[in-house]
Amino acid sequence: FGLQYGLKYALMRYANVYGPRQNPHGEAGVVAIFCQRMLKGEQPIINGEGKQTRDYVYVGDVVAANLAALDYPHNDYFNVGTSIETDVNGVFSRINEALGANCKVVHGPAKPGEQLRSVLSYAKTKKLLGWEPKVNITDVHTHRSSSAGPSLYAMLLEVEAPPKSTEQGLTAHLAPLAKKL
């Protein structure tokens, strides 16, 4: 399609995106699922031993990567992640600490066929787009107010159900971006 019509494109391959307004319903999105359960006073369950790793990338960093790709003049693909593997046990502990939830670590059965490791290198994205992540899920500050960076506590409190329709959600999230273009 790009060759036939001269369309320029950038394919963005995202790691595990997390952040404000993440949907806590369903089986994906462990950050939002843990947050919602802890905020409701419910016990989160860690699937399996919790040693499975993911590359968790903050949604604000994903937005910045997409904006950086808008002006790239060639057709290409880019990884958007942190290049850091964080296991589910670590995510649980960090969220538990940030929210002061005092939840016990409870492991359930492993999900059959679940991928055990997932991490993306963003070296090419940095080289060609000048982008790199600014937020690391293990480094965000747990204090409720900090000038040093994003507050995990604040991010976690913003976990909500998605808008009633996909169209409403897209309109709400893309309107500010469209104004910049």
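Is Arg-21 buried, exposed or partly exposed? At 34% relative accessibility, Arg-21 counts as partly exposed. Buried means under 20% relative accessible area, exposed means over 50%, and partly exposed lies in between (1.4 Å probe, protein chains only).

## About the model

This is a predicted model: local features need pLDDT of at least 70, side-chain atom pairs count only at pLDDT 80 or more, and totals for chains, interfaces and linings use all residues. Residues are numbered from 1 along each chain as its sequence is written, and side-chain values use heavy atoms, with hydrogens and water left out.

## Two nonpolar cores

A nonpolar core is a set of buried Ala, Val, Leu, Ile, Met, Phe, Trp, Tyr and Cys residues joined through side-chain atoms within 4.5 Å. The largest one here has 16 residues. Tyr-18, Val-31, Phe-34, Met-38, Tyr-56 and Ile-95 touch the most other members. At least two residues each come from α2 (30–39), β5 (56–58) and α4 (88–99). The largest share, five residues, belongs to α4. Helices (H or I, at least four residues) and strands (E, at least two) are DSSP runs, numbered from the N terminus.

A second, separate core holds twelve residues. Among them are Ala-65, Tyr-72, Phe-78 and Leu-129. In soluble globular proteins, nonpolar side chains tend to be buried together.

## Two positive phi angles

Arg-21 is not a glycine, yet its phi is positive, about 65°. Arg-21 sits in the loop between β2 (16–18) and α2.

Asn-102 is not a glycine either, and has a positive phi of about 55°. Its loop runs between α4 and β8 (107–108). Asn-102 counts as exposed, at 72% relative accessibility.
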